[in-house]
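Visitor: I would like to learn how to read a protein model, going from the overall fold to single residues. Could you walk me through one?

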Amino acid sequence: MQQDELKKAVAWAALDYVAAGTIVGTGTGSTVAHFIEALGSIRDKIKGAVSSSEASSAQLKKFAIPLFDCNQVDGLDIYVDGADEINPQKQMIKGGGAALTREKILAAIARKFICIVDASKQVDVLGKFPLPVEVIPMARTYVSRQLIQLGGKPVHRQHVITDNGNLILDVHNLRISDAVALEDKINGIAGVVTVGLFARRAADVVLVAAAGGIKVIG
Ligand code: 5RP
């Protein structure tokens, strides 16, 4: 199967986790785009969705799924999102689509984070995929210098402004053996809005699509 077919298969499998009458947290990216389409097929059974990006909001509107503001909800039963890399501890690198800050907020308020990936996203050690960091524009060079001190090679993602009006630095050359420690360190740099390491709040359930079918890591 092609990668996009795997993404579609795993996205539709996530529908099993959607309970009737609930508000569903939706992530961002090409895998989630399939999930939103799947959600559209049961839109009369759910109350609506909270979105992690303008792109996902537009797609939710297209499928006439009612959109709720994050501040209108007490929490979320489930949050469904993809990842750029995921390790056996269910820790992830996210932010390839520059939506990491809102994604982290939805992951934080969700009782269950369901990560949907194709098998190519599974790694033993995080860091081959450049780690996205959302940065306040005036702090770009300061944060870059701090990231270099941590052993990384930050690259300013060109022509990208996040939904929050900030920049993305993609940090290359990292081999992340202690993801929680690195998440804390990078979050502690002045000017960093969010680091795309989801280690403190890892996924609860991972659905992995491979040629043989969907594997559930619970
Ligand atoms: C967006 C993300 C996505 O989940 C991640 O980039 C994976 O994307 P895709 O499903 O297109 O492979 O973190 O910020």
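Predicted model: local features only at pLDDT ≥ 70, side-chain atom pairs only at ≥ 80, totals over all residues.

Visitor: What share of the residues is buried, and how much of the contacts comes from residues 24 or more positions apart?

Guide: Here, buried means a relative accessible area under 20%. Of the 218 residues, 53% are buried. Among contacts with a separation of 6 or more, 72% join residues 24 or more positions apart.

Visitor: Now a helix. Which residues of helix H1 are buried?

Guide: The idea is to list the buried residues, then look down the axis. In H1 (residues 3-13), the buried ones are Leu6, Lys7, Val10, Ala11 and Ala13. They fall within an arc of 160 degrees, so they line one face of the helix. That set packs against helix H2 (30-40) and strands E6 (110-118), E12 (205-210) and E13 (213-217).

Visitor: Which residues of helix H6 are buried, and what covers them?

Guide: In H6 (residues 179-187) they are Ala179, Leu182, Glu183 and Ile186. Their arc around the axis is only 105 degrees, which puts them on the same side of H6. The cover includes helices H4 (100-109) and H5 (140-149), together with strands E7 (131-135), E10 (192-195) and E11 (197-198).

Visitor: Let us zoom in on Leu6. Which residues does Leu6 touch, beyond those up to four places away in sequence?

Guide: Leu6 sits in H1 and counts as buried because its relative accessibility is 11%. Setting aside those sequence neighbours, Leu6 touches Met1, Asp118, Ala209, Ala210 and Ala211. For a view of sequence against space, take Leu6 and Val208: they are 202 residues apart in sequence, yet 8.7 Å apart from C-alpha to C-alpha.

Visitor: Where is Ile176 found, and is Ile176 buried or exposed?

Guide: Ile176 is in the loop between strand E9 (167-172) and H6. At 6% relative accessibility, Ile176 counts as buried. Apart from neighbours within four places in sequence, Ile176 contacts Ile93, Val125, Leu126, Gly127, Leu131, Leu182 and Leu197. One of these, Leu182, is also among the buried residues of H6.

Visitor: Last, the backbone. What is the phi of Ala98, and what is the phi of His159?

Guide: Neither residue is a glycine, yet phi is positive in both: about 65 degrees for Ala98 and about 60 degrees for His159. Ala98 lies in the loop between strand E5 (92-93) and H4, while His159 is in the loop between strand E8 (153-156) and E9. Ala98 is buried, with a relative accessible area of 13%, whereas His159 is exposed, at 82%.

Technical notes
Residues numbered from 1 in each chain as written. Heavy atoms only, no water. Buried < 20%, exposed > 50% of the residue type's maximum accessible area, 1.4 Å probe, protein only. Contact = heavy atoms within 4.5 Å. Helix = DSSP H or I, 4+ residues; strand = E, 2+ residues; numbered from the N terminus. Arc of directions from axis to C-beta.
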